[in-house]
Amino acid sequence: MDRKLDELLYALMQNMMITISGEKLARDLNVSHSTLARWIEKLREAGVEIRGELFTGYRLARLPDVLLPQLVRPRLRTTMIGRVLYHFYSVDSTNAFAARLFAHGHKIAEGAVIIAESQTSGRGRLGRSWHSEREAGLYFSTVLFPKAPPSLAPLFTLAAAVAMHNASEHYTGLDIDIKWPNDLLVEGKKFCGILSEIQAEVDLVKNMVIGIGVNVNHETLPPDIADRATSLRIASGRIQSRVEILLEFFEEFENIYMEFERRGPSSIIEQWTSFSSFATGRRIEIHDGVRKITGVTRGLNALGALRIEQKSGQLEEVYSGDVVSWE
Ligand code: BTN
């Protein structure tokens with residue numbers, strides 16, 4: 001949590017066009033000159049363009065696209081999701097940070113969100129990594145304490161996919177698809193992935209961390225994934241606002257989560273099914289870690305497993321895996 005750097009950046013942003021004296025900044029933030037100079041360097045390392053030095057004063061060269069809690073908080077339309085925000089300029093992985101908070105016994109509020117401008121070891125599903133370029137994407141994790149058994153946990157990941165589907169579609173106007181279980185696609189390429197991790201007893205989830213990565217403003221993707229990955233900017237041809245998409249996601253996700261508490265799993269399953277072209281009648285091949293299963297999709301069961309009708313007519317319910325090819 002880079003709270004001090006956030007305070008400094010917020011002070012600079014409030015004086016956007018003018019040079020603000022180092023003396024005054026240090027006084028307002030109640031720190032020594034050398035600490036201020038160190039923090040300015042840290043912000044510069046994080047990509048914030050700051051002109052000047054301690055004795056001439058400091059000025060922002062351009063408005064930085066940083067998800068400052070000071071700017072996000074007043075605009076929240078939720079009562080739970082995002083009410084507590086941990087913000088990093090750089091962290092190994094927002095999911096790993098959440099896990100460390102739990103491991104060290106910290107009290108964390110439900111709906112707390114850990115957000116990073118960049119990740120040095122962003123984690124993907126099935127042991128993969130997640131490309132986490134600075135300022136280009138959204139990289140965040142939401143903490144939940146669902147009153148549900150572990151068998152229902154995958155439903156909350158589907159719910160997050162529905163919420164990000166709605167947020168990114170409403171905001172960009174693009175046509176977004178959900179590939180089972182929780183990849184978001186635009187023009188057939190992936191721009192968002194979700195990694196959920198739980199700690200559970202046999203019949204109760206103790207905590208759940210839903211980590212979401214969205215390629216928002218990437219201009220290009222690394223060559224090894226460029227054939228199957230894209231960004232909202234590439235698909236729409238214009239820069240998109242990370243903060244607007246984030247705020248809309250918080251609202252959508254809170255609504256779906258609360259509806260689950262009232263109505264149970266059916267609302268999540270219904271919404272996922274209506275937004276995914278993979279739900280029914282799609283010929284796909286899945287790897288479930290052990291086997292390859294080929295067949296035509298026949299909807300989700302009540303726990304979110306994908307039903308696949310194989311050539312033999314046999315119906316298989318797949319609980320986890322990766323859709324590796326589809327028609
Ligand atoms: C996938 O493989 O599709 C899931 C990618 C999930 C990436 C996000 S970025 C924020 C959060 N922190 C991580 O280390 N991973 C998730």
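Modeller: What follows goes through the ligand site and then some backbone details.
Modeller: This is a predicted model, in which local features need pLDDT of at least 70 and side-chain atom pairs count only at pLDDT 80 or more, while totals for chains, interfaces and linings use all residues. Residues are numbered from 1 along each chain as its sequence is written, and side-chain values use heavy atoms, with hydrogens and water left out.

Biologist: How many residues surround the ligand, and which are the closest?
Modeller: The ligand is surrounded by 20 residues (a heavy atom within 4 Å counts as near), and the closest are Ser 93, Thr 94, Arg 123, Arg 125 and Lys 190. They divide into 6 nonpolar, 10 polar and 4 charged.

Biologist: What does Lys 190 do there, in terms of distance to the ligand?
Modeller: A polar side-chain atom of Lys 190 lies 2.6 Å from an oxygen atom of the ligand, while for Thr 94 a polar side-chain atom is 3.0 Å from a ligand nitrogen atom.

Biologist: And how much of the ligand does the protein cover?
Modeller: On its own the ligand has 420 Å² of accessible area (Shrake-Rupley, 1.4 Å probe), of which the protein covers 99%.

Biologist: Switching to the backbone, where is the cis peptide bond?
Modeller: The cis bond joins Trp 180 and Pro 181, with omega about -5 degrees, and Pro 181 lies in the loop between strand E6 (176-179) and strand E7 (183-186), strands being DSSP runs of at least two residues, numbered from the N terminus.

Biologist: Is Glu 187, with its positive phi, buried or exposed?
Modeller: Glu 187, whose phi is near 50 degrees, is exposed, with a relative accessible area of 62% (exposed means over 50%).

Technical notes: Helix = DSSP H or I, 4+ residues; strand = E, 2+ residues; numbered from the N terminus. Buried < 20%, exposed > 50% of the residue type's maximum accessible area, 1.4 Å probe, protein only. Polar contact = N/O pair within 3.5 Å; in protein donor to acceptor, adjacent residues only side chain to side chain. Nonpolar A, V, L, I, M, F, W, Y, C, P; charged D, E, K, R; others polar.
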